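Colleague: I would like to learn how to read a fold with care, feature by feature. Could you take me through this one, giving the general idea before each case?

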Amino acid sequence: MNKNLLNRLPMPEGMSKSEIIQVLLSEEYGFLPGPPEKVSAKEESAEEQFCAGKAVLKKLLLTCRAEYGDFTFPVYFIYPTKREKPVPCFVHINFRDLIPDRYLPIEEIIDSGYAVLYFCYQDVTSDDGDFTNGLAGLIYPEGKRTKTQCGKIGLWAWAAGRVMDHAMTVPILNHGKISIVGHSRLGKTALLAGALDERFYCAFSNDSGCSGAAISREKRGETIQRIFQVFPYWFCENYGKYAENVEELPFDQHFLLAANAPHRVYVASASEDSWADPEHEYLSCVAADQYYKSCGLKGFVHPDRDPVPGDFFGEGEIGYHLRAGTHYLSREDWQRYIQYLNLADGN
Ligand code: GCU
């Protein structure tokens, strides 16, 4: 572990949660639209015998009523047929609207007693520099943003919050155990959604890398310069000023983990994912530990050594694992998430 780097990072201790969020929004992700006045769900279809009858699969249309207009997007709800009590749930932001999907081993998740609320990010707004479609089109007249209005990550995170609004109205869900999961660019999104919405029990980021969990200073693989050159529309325009000046950042990505306190946050890394940089994802957990501790929490419980593939550190509010292999959201990652949640429940 790069202890020299750790020792010279800006630290969030002494800052309030809202001050941490303020700096992340004004300098990196941009400010999100306000919450809608009302979210309502309409059932489009239902499959009662999904997964050999072990689950119900429903397609819902979620409509968000707000001063800037109505916005509707599809959400899939899959829940176990047999339940003794309200079930915990994952809100999963995915790349596709397929079920099953290679990033969502749904039968196994159902067998573990969890429900899933699932949406495809591009049903919210496209993954490109066009700010005239979907939610972006409602918020940004003529597709133009100011320097600190949010980019696409902020808009996808906003949608995750709306799914949470809906989840809170569903009686079969355990409202205290609703977590958010995303992979890669959607792992960055999950961390932001978790930071902005304390109702999420845990934010799970999978291989989120640059501008997600990984520390930006001295980063290997993708850098702010590169991400802002290729995907400037994920962030607010203001972030561009750090493209060649990473040392000028008044924060680093452990602030994003810290902003998830007091609820849980989880960083999943893959050993061969050098573009995301697993070392710097781990460093971020170590750096955020102090903030969690300053809130009277356990923080990141880990041994005093670098992680090796197969490691799982699940004792604290910051959870972590290092999976062998490449950039992917695999069933092994999901198994760890469920193991972590079960451990937190004392099972
Ligand atoms: C690119 C990008 C990453 C991102 C990834 C993904 O590789 O550079 O920052 O995490 O896409 O979302 O798959």
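Predicted model: local features only at pLDDT ≥ 70, side-chain atom pairs only at ≥ 80, totals over all residues.

Colleague: What is the peptide bond that joins Ile99 and Pro100?

Modeller: The general idea is that most residues other than glycine have a negative phi, and most peptide bonds are trans. Here the bond joining Ile99 and Pro100 is cis, with omega about -5°. A cis bond also leads from Ala261 to Pro262, with omega near 5°, and Pro262 sits in the loop between helix H9 (254–258) and strand S8 (264–270).

Colleague: Which value does phi take in Glu142, and is Glu142 buried or exposed?

Modeller: Phi of Glu142 is near 60°, which is positive in a residue other than glycine, and this residue belongs to the loop between H5 and helix H6 (152–167). Burial is read from relative accessible area, with buried meaning under 20%, exposed over 50% and partly exposed in between (1.4 Å probe, protein chains only). Glu142 counts as exposed because its relative accessibility is 73%. Ser211, in the loop between strand S7 (202–206) and helix H8 (224–230), has a positive phi near 65°, but Ser211 is buried because its relative accessible area is 0%. Asp130, in the loop between S5 and helix H5 (134–139), counts as partly exposed because its relative accessibility is 31%.

Colleague: In what order do the 10 strands lie in the sheet?

Modeller: Strands are placed by their pairing, and two strands pair if DSSP finds at least two bridges between them. The 10 strands form an open sheet of mixed pairing in the order S1-S2-S3-S5-S4-S6-S7-S8-S10-S9. S1 and strand S9 (312–313) stand at the edges with a single partner strand each, so one side of each has no neighbour in the sheet.

Colleague: How many bridges join S2 to strand S3?

Modeller: There are 12 bridges between S2 and strand S3 (residues 69–80), and the two run antiparallel; Thr63 has Thr72 in S3 as its bridge partner, and a hairpin of 2 residues joins S2 to S3. On the other pairing, strand S1 (residues 38–49) and S2 are antiparallel over 9 bridges, with Val39 opposite Cys64 in S2 and Ala41 partnered by Leu62. Strand S2 (residues 55–66) is mostly covered, as 9 of its 12 residues are buried.

Colleague: Which strands run parallel to S4?

Modeller: S4 runs parallel to strand S6 (residues 173–183) over 5 bridges, with His92 opposite Val181 in S6. S4 also runs parallel to strand S5 (residues 115–120) over 6 bridges, and Ile93 stands opposite Phe119 in S5. From S4 the chain crosses through helix H4 (residues 106–111) to S5 in a right-handed β-α-β crossover, where right-handed means that, with the strands pointing away from the viewer, the path from the first strand over the helix to the second runs clockwise. In strand S4 (residues 87–94), 8 of its 8 residues are buried.

Colleague: Which residues line the largest cavity?

Modeller: Rolling a probe the size of a water molecule over the atoms shows where empty space is left. On a 1 Å grid over the protein atoms alone, a cavity is a set of points where a 1.4 Å probe fits but cannot get out, and lining residues have an atom within 4 Å of a point. The lining of the largest cavity consists of Pro88, Tyr114, Lys177, Ser179, Tyr201, Leu341 and Asp345.

Technical notes. Residues numbered from 1 in each chain as written. Heavy atoms only, no water. Helix = DSSP H or I, 4+ residues; strand = E, 2+ residues; numbered from the N terminus. 1 Å grid on protein atoms, 1.4 Å probe; cavity = no way out; pocket = protein on both sides within 12 Å on 5 of 7 lines; lining within 4 Å.
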